[in-house]
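Please examine the structure below, with attention to its ring contacts, pockets and salt bridges.

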Amino acid sequence: MKPIDQAILADYAATALAARPGWDVPHEFATLHRDGDKLTVGALTVIDPAMPPSAYPKLMGKVAQRAAREDLATGKRTLYGYSLLIEAFGVAKPVNPAPEEAAQFDRDCRERRFHLRPDAVEIASIYVVDIHQRFWTSTRERASGQVQHHYCPTPDGAPGGAFITGLRAVAHATAARGVEALMTQPAYQPGETVRVLIEGRVSPTSTSTTTIAVEHGDSLTVLDTTDPTVSVSRLEPADGRPQPGEMWADAMDNEYFAVGGWSDVGPNLYGSDGTHYSWYELHRHPELGPIRRIRAAASAPVAPERRDEDVEVPF
């Protein structure tokens, strides 16, 4: 697709910034659609300014996918670019700073503390990227009202950061293979390092001493528990959570009486030798877990007199 006249997007950026209703308002992410030499806004997403910058690329991707579905449904390719309108505190990166000054700047950047710096300037900015990776920005300072406009025809020398990186990523996906690219790209890329958490019930077929079979939804996942990268956490006994008056046993066949505790997570388990645990602590104990119920409650138990040392604090 031939690039649209850059002045059209420059005008869009300047107009959108000028139309912003004052200050301290939500951020906006928009999909931009092209019909010949006309540019229109498609989906407009309002964003809470409290959302961290690192979450923006994922949000942009989801909105872009919805716009791609609509393009595919109509059979027309109109999705052409994206814009993001934000408020932020800008700080110029120090030139030839002392080590202490450079370290402070990096900390303020990581911890999002630019607004506390004396050299911070509050600004409203709109960033626009099209499928050709051209970049436009218009910025207004809150204190002075001064407005600046910039155009970068290529990524070289253009501003960066999580916001702009997210815009460029969805624009690149849109351009690479058309809107279909947004619909077919894998959610995770080969070579990534991830942590996958699966919560489910241990399957009746899980009888091996070196593997665990977990039922979750309509799926069954079998994992090698001898693999050092696999971690399994016990959540709840097969017999359910202990109830007051029941008798339970641990993996070493020690028996415990369940007494109504003062914790929101359920009763405590008392052994005949005076030892006691919260049920989840005993169930997850590396040597004594898991626990199993050996007798149902016969009648409502009477809780012992409350003492400070009997109070269980869940972590």
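The questions and answers that follow take up these topics in turn.

This is a predicted model, in which local features need pLDDT of at least 70, side-chain atom pairs count only at pLDDT 80 or more, and totals for chains, interfaces and linings use all residues. Residues are numbered from 1 along each chain as its sequence is written, and side-chain values use heavy atoms, with hydrogens and water left out.

Me: How are the rings of Phe 29 and Tyr 82 arranged?
Reply: Rings of Phe, Tyr and Trp (its six-membered ring) pair if their centres lie within 6.5 Å; planes under 30 degrees apart count as stacked, over 60 as edge-to-face and the rest as tilted. The structure holds seven aromatic pairs. For Phe 29 and Tyr 82 the centres are 5.9 Å apart and the planes are at 5 degrees, so the pair is stacked.

Me: How many residues apart in sequence are the parts that Phe 29 and Tyr 82 tie together?
Reply: Helices (H or I, at least four residues) and strands (E, at least two) are DSSP runs, numbered from the N terminus. Phe 29 belongs to strand S1 (residues 27–35) and Tyr 82 to strand S3 (residues 79–90), so the pair ties together parts whose separation in sequence is 53 residues.

Me: Are Phe 29 and Tyr 82 buried or exposed?
Reply: Buried means under 20% relative accessible area, exposed over 50%, and partly exposed in between (1.4 Å probe, protein chains only). By that rule, Phe 29 and Tyr 82 are both buried.

Me: Which residues lie nearest the centre of the largest pocket?
Reply: On a 1 Å grid over the protein atoms alone, a pocket is an open set of points where a 1.4 Å probe fits, with protein on both sides within 12 Å along at least five of seven lines; lining residues have an atom within 4 Å of a point. The largest pocket has a volume of about 1,400 Å³, the space filled by probe spheres set on the points, which are joined across faces, edges and corners. Its lining comprises 43 residues, and those nearest the centre are Ala 88, Phe 89, Gly 90, Phe 114 and Phe 163.

Me: How many residues of each class line the largest pocket?
Reply: Ala, Val, Leu, Ile, Met, Phe, Trp, Tyr, Cys and Pro count as nonpolar, Asp, Glu, Lys and Arg as charged, and the others, Gly among them, as polar. The elements that each supply at least two lining residues include S3, helix H3 (99–110) and helix H4 (162–176). By class, the lining of the largest pocket has 22 nonpolar, 11 polar and 10 charged residues.

Me: Which residues are closest to the centre of the second largest pocket?
Reply: The second largest pocket has a volume of about 1,200 Å³. Among its 27 lining residues, the closest to the centre are Ile 198, Ile 212, Val 214, Val 232 and Ser 233.

Me: Which residues are linked in a network of salt bridges?
Reply: A salt bridge is a side-chain nitrogen of Lys or Arg within 4 Å of a carboxyl oxygen of Asp or Glu, and the count comes to 10. One of them joins Asp 108 and Arg 117 (2.8 Å, N to O), and both of these residues are buried. The network consists of Asp 108, Arg 113, Arg 117 and Asp 119.

Me: How many residues apart are Glu 246 and Arg 293?
Reply: The side chains of Glu 246 and Arg 293 form a salt bridge (3.8 Å, N to O). Glu 246 lies in the loop between S9 and strand S10 (247–249) and Arg 293 in strand S14 (residues 292–295), so the pair links distant parts of the chain, with a separation of 47 residues.
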